[in-house]
Amino acid sequence: MLLLIAEYLGIAAFAASGFYIAVRHRLDLLGIYLSSFLTALGGGILRDLLADRLPYSLTHSLPASTGILVTSLLVWRRMHQHPWESRTLFVFIDALGMVSFAISGALAGLQAGFNIAGVTLLAFTTAVGGGILRDILINKVPYVLHGGFYGIIAIGIGLILWLLHRLGWDHPLLLTLLFITGVAIRMIAYRRSWELPRLYER
Amino acid sequence: MLLLIAEYLGIAAFAASGFYIAVRHRLDLLGIYLSSFLTALGGGILRDLLADRLPYSLTHSLPASTGILVTSLLVWRRMHQHPWESRTLFVFIDALGMVSFAISGALAGLQAGFNIAGVTLLAFTTAVGGGILRDILINKVPYVLHGGFYGIIAIGIGLILWLLHRLGWDHPLLLTLLFITGVAIRMIAYRRSWELPRLYER
Amino acid sequence: MLLLIAEYLGIAAFAASGFYIAVRHRLDLLGIYLSSFLTALGGGILRDLLADRLPYSLTHSLPASTGILVTSLLVWRRMHQHPWESRTLFVFIDALGMVSFAISGALAGLQAGFNIAGVTLLAFTTAVGGGILRDILINKVPYVLHGGFYGIIAIGIGLILWLLHRLGWDHPLLLTLLFITGVAIRMIAYRRSWELPRLYER
């Protein structure tokens with residue numbers, strides 16, 4: 001239930017981030033909607049492609065799709081007045097979405113009988129795949145590949161969920177705890193500007 | 001029947017457009033064939049991936065694949081003599097393909113039980129997905145995202161077909177009418193250089 | 001058996017190539033692992049998506065995934081000492097992988113009932129798809145599209161396997177012969193710097 005609310009908040013946050021980037025790159029209205037749509041639902045669509053099933057957002061969740069439209073409209077209205085006032089709030093909502101998407105991806109991987117690599121990849125793909133697709137379209141190197149402490153959280157969630165499942169501990173309460181911990185780590189990483197190490201070429 | 005002829009004309013036109021862009025970007029022969037192939041058949045392959053079925057062009061339609069080879073060869077011969085003489089003819093054949101692809105995508109979405117977002121996305125993906133894949137490979141921002149009045153027609157066709165299906169009016173005659181209207185709108189948009197509005201960042 | 005060993009050597013070589021390119025593009029550790037993973041397993045995942053089945057590397061082959069980790073770690077250690085000492089050895093191992101991937105892709109296409117275009121596309125996609133995905137992420141035009149004599153070998157293998165299958169000659173011995181011939185042609189092409197012809201725009 002908590003996860004469901006988080007997922008819809010995440011869809012809204014992801015749609016908003018797709019919108020901002022599309023506007024900054026001067027796409028036209030169609031490009032803006034496509035960018036929002038891909039960012040918000042692309043991760044879930046990739047998840048369902050890899051798990052070899054029909055994309056959930058294209059069959060069931062009319063809410064999701066209307067969610068995007070509503071968000072785009074809301075954000076659009078806001079554009080005419082003033083930019084997003086609180087960057088921290090945005091990062092927080094985005095973190096809710098990223099973490100809940102990672103959990104839903106890992107669960108889908110477990111359900112499809114994937115191994116540890118598969119479960120982790122699916123958690124990662126679901127959480128950041130939408131943003132990666134958008135960045136590929138916009139023709140830039142995806143942010144998650146070269147900065148910040150973001151995708152690694154989704155990877156961690158995948159690994160932990162696979163382990164919990166192996167131990168037979170995949171209880172809703174533990175999922176909730178994992179969700180809260182994931183969001184907390186993301187917010188701390190954001191406030192302290194954590195980065196992953198790099199290997200420079202010599 | 002009309003749709004089938006339009007689809008093959010469209011495959012030919014899309015293959016030709018893939019060819020021209022590959023040559024302009026100095027790809028080698030393999031790149032040229034891949035660019036033609038992706039532009040012509042990529043939309044349909046994406047459609048079948050999303051609808052969770054085997055790609056039609058890889059199982060049935062030997063015609064499609066030979067169609068591409070024939071086109072590439074024809075265009076190649078022409079290269080040695082003189083460039084395409086009529087841009088309007090090219091835009092017209094391309095419009096036939098785009099509109100018939102949008103219709104085939106929307107029908108596949110309806111058949112897979114997709115909701116309005118799914119049907120529209122599938123119409124769009126089938127119609128312009130091949131060109132988007134090609135532009136991603138060639139490493140440029142896809143044309144449909146930032147210019148012209150093109151992808152929006154595919155979106156419109158998806159919405160209308162979903163509505164017709166809901167109303168129980170998906171009669172071949174109406175499909176034909178929709179096809180002709182779509183092509184007509186595309187040609188008018190081309191002649192008058194219609195553009196979608198943009199939202200510039202302030 | 002020979003093919004299996006070649007495939008794992010290929011996965012190792014592809015992971016190493018993903019690693020080098022990620023380091024050169026200054027991706028962080030997550031980006032480096034993702035680049036290795038995509039280069040090594042991306043082709044097989046694309047193959048299974050197109051053949052409409054669960055990605056093999058995400059369900060069965062724990063070996064493959066650990067293979068990548070081991071390779072990355074090995075290469076990483078090496079980075080701290082000195083660069084890869086033998087370019088020819090690297091090209092040779094890469095050729096083993098590319099040719100065995102092309103064969104596995106073509107066989108998957110035959111099994112899925114694909115036509116000649118499908119079998120060839122699947123051979124090509126499995127062999128070079130991982131590298132193409134990596135290049136798209138890194139935001140450059142894929143190497144195979146504009147240089148060298150590489151992807152064309154995968155295409156040739158696809159065509160020959162389709163022909164052998166048609167003639168009922170798909171005997172393990174012939175597969176082995178095809179494998180050795182493919183690797184030999186790749187090495188000759190590398191030593192002699194073969195290139196495919198281009199068509200410049202006039």
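Reader: How many Å should the residues of helix 9 of chain B span, and how far apart are its end C-alpha atoms?

Author: This is a predicted model, in which local features need pLDDT of at least 70, side-chain atom pairs count only at pLDDT 80 or more, and totals for chains, interfaces and linings use all residues. Residues are numbered from 1 along each chain as its sequence is written, chains are lettered from A and ligands numbered from 1 in the order in which they are written, and side-chain values use heavy atoms, with hydrogens and water left out.

Helix 9 of chain B runs over residues 172-192, and at 1.5 Å a residue its 21 residues should span 30 Å, which agrees with the 30 Å between its end C-alpha atoms; the expected span is 1.5 Å times one less than the number of residues, and helices (H or I, at least four residues) are DSSP runs numbered from the N terminus.

Buried in this helix (under 20% relative accessible area, with exposed meaning over 50%, 1.4 Å probe, protein chains only) are Leu175(B), Leu178(B), Phe179(B), Gly182(B), Val183(B), Arg186(B), Met187(B) and Ala189(B). They cover an arc of only 165 degrees around the axis, which puts them on the same side of helix 9 of chain B, the arc being that of the directions from the helix axis to the C-beta atoms. An α-helix has 3.6 residues a turn, so residues three or four places apart point the same way. On the face turned away from the buried side, helix 9 of chain B carries the exposed residues Leu173(B), Leu177(B), Ile180(B), Arg191(B) and Arg192(B). Just after this helix comes Ser193(B), which takes a positive phi of about 55 degrees.

As for chain A, its secondary structure comes to nine helices and zero strands.

Technical notes: Helix = DSSP H or I, 4+ residues; strand = E, 2+ residues; numbered from the N terminus.
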